[in-house]
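This briefing covers the fold, the surface and a few selected residues. The structure comes next, followed by the points grouped by topic.

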Amino acid sequence: MSMIKRYSQDADTVEIKAVAVARVEDSRACLAALAELFQECGRLAAEYPDPARVAEMLVEDVTETFQAERWNIRHQLAGQVAA
């Protein structure tokens, strides 16, 4: 499998997990799950020729996805309150 395809699959995997973590309501549990997901990014990145760069990219993917999902949740709740 090419590195690009492998990275794409790894990014998809961590992004799906980031959405699930963003939906965790308990802040301590959310933080623990997010830390575990960042560690997973490091484990996945270790298989690439430039693990530091890939880890950075995967963590960035997780962070952006997590933030977007939290934003969506917050605005959905705000819409329910306003209705």
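Where is the place of Asp26? Asp26 sits in the loop between H1 and H2. The model is a predicted one, in which local features need pLDDT of at least 70, side-chain atom pairs count only at pLDDT 80 or more, and totals for chains, interfaces and linings use all residues. Residues are numbered from 1 along each chain as its sequence is written, and side-chain values use heavy atoms, with hydrogens and water left out.

**Overall fold**
- The protein chain has 3 helices and 0 strands; helices (H or I, at least four residues) and strands (E, at least two) are DSSP runs, numbered from the N terminus.
- Read from the N terminus, the order of elements is α-α-α.
- The C-alpha trace of the protein chain spans about 50 × 25 × 15 Å along its principal axes.
- Among contacts (heavy atoms within 4.5 Å) with a separation of 6 or more, 66% join residues 24 or more positions apart.

**Surface and charge**
- Of the 83 residues of the protein chain, 25% count as buried, where buried means under 20% relative accessible area, exposed over 50% and partly exposed in between (1.4 Å probe, protein chains only).
- The protein chain exposes about 5800 Å², of which carbon and sulfur atoms supply 56%; accessible areas come from the Shrake-Rupley method with a 1.4 Å probe, and for residues only the protein chains shown count as cover.
- The 9 positive and 14 negative charges have mean positions 3 Å apart. Lys and Arg count as positive and Asp and Glu as negative, while His and the chain ends are not counted; the place of a charge is taken as NZ of Lys, CZ of Arg, CG of Asp or CD of Glu.

**Helices H1 and H2**
- The axes of helix H1 (residues 3–22) and helix H2 (residues 27–45) come within 10 Å and cross at roughly 175°; axes are lines fitted to C-alpha atoms, for helices over the stretch in contact, and angles run from 0 to 180 degrees between N-to-C directions.
- H1 and H2 are therefore roughly antiparallel to each other, a term for angles over 145 degrees.
- Residues making this contact include Asp10, Val14 and Val21 of H1 and Cys30, Leu37 and Leu44 of H2.

**Selected residues**
- Asp26 counts as partly exposed because its relative accessibility is 46%.
- The C-alpha atoms of Asp26 and Asn72 are separated by 17 Å, with the two residues 46 apart along the chain.
- Glu69 lies in helix H3 (residues 51–82) and counts as buried because its relative accessibility is 13%.
- Neighbours within four places in sequence left aside, Glu69 is in contact with Val19, Ala22 and Arg23.

Conventions. Parallel < 35°, antiparallel > 145°, perpendicular 65-115°, else oblique.
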